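Subject: Structure for your review, with notes on its pockets and ligand

Dear colleague,

I am handing over the structure below, followed by my notes on what was found in it. Please read the notes with the structure open beside them.

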Amino acid sequence: MATIFSKIIAKEIPAAIVYQDDQVTAFKDISPLAPVHILIVPNIEIASVNDVEVEHEKMLGHLFSVAKLVAKEQGIAESGYRLIVNNGGDAGQEVFHLHVHLLGGRKLGPVLARKD
Ligand code: 5GP
């Protein structure tokens, strides 16, 4: 069954797509946590980092080049930004279609809140 992100990539459901090519798609998160919150996703369905194979390496490298490009287009290349990939339950992964969160536009605070 197609993931919600595959339906966005295929333009079957709406999303604010900011970049798309034959390998990856970038669109605004529906529930943004920062002034800039964009998801960058492979066009093919890879459920999570656990499912990455050697054949995906070139495309995933390209995905980082797209992250750089989108950060520049969004005006946060110089102010700074964070890339996050959640994997599995403890990380809170909700959508099992590998994606990189691109967050910026404000001070983002520590990577992880301390438990104590
Ligand atoms: P995860 O927790 O899996 O790393 O992140 C999934 C992200 O996808 C969340 O930040 C959530 O807001 C976003 N999201 C879920 N459904 C949709 C949708 O239908 N459209 C868009 N644009 N973002 C979505």
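The ligand sits in the largest pocket, where "sits in" requires that more than half of its atoms lie within 2 Å of the grid points of the pocket. This is a predicted model, in which local features need pLDDT of at least 70 and side-chain atom pairs count only at pLDDT 80 or more, while totals for chains, interfaces and linings use all residues. Residues are numbered from 1 along each chain as its sequence is written, and side-chain values use heavy atoms, with hydrogens and water left out.

The largest pocket holds about 430 Å³ of space; a pocket is here an open set of points, on a 1 Å grid over the protein atoms alone, where a 1.4 Å probe fits and where protein lies on both sides within 12 Å along at least five of seven lines, and lining residues have an atom within 4 Å of a point. Its lining comprises 21 residues, of which Phe-5, Asp-29, Ile-30, Leu-39 and Val-95 are the closest to the centre. Helix H1 (4–9), strand S2 (24–28) and strand S3 (36–42) each contribute at least two lining residues, with H1 giving the largest share, three residues; helices (H or I, at least four residues) and strands (E, at least two) are DSSP runs numbered from the N terminus. By class, this lining has 11 nonpolar, seven polar and three charged residues, with Gly counted as polar.

Turning to the ligand, 16 residues surround it, the closest being Lys-28, Asp-29, Glu-94, His-99 and His-101, given that a residue is near when one of its heavy atoms lies within 4 Å. H1 gives the most to this shell, with three residues, and the shell divides into seven nonpolar, six polar and three charged residues. Among the polar contacts (pairs of N or O atoms within 3.5 Å), a polar backbone atom of Glu-94 is 2.7 Å from an oxygen atom of the ligand, and a polar backbone atom of Val-95 is 3.0 Å from a ligand oxygen. Taken alone, the ligand exposes 520 Å², 85% of which the protein buries, by the Shrake-Rupley method with a 1.4 Å probe.

The second largest pocket has about 200 Å³ of space, and its lining includes Leu-33, His-37, Arg-82 and His-101. Strands S4 (81–84) and S5 (100–104) are the elements that give two or more residues to that lining.

Best regards

Methods. Points joined across faces, edges and corners; volume = space filled by probe spheres on them. Polar contact = N/O pair within 3.5 Å; in protein donor to acceptor, adjacent residues only side chain to side chain.
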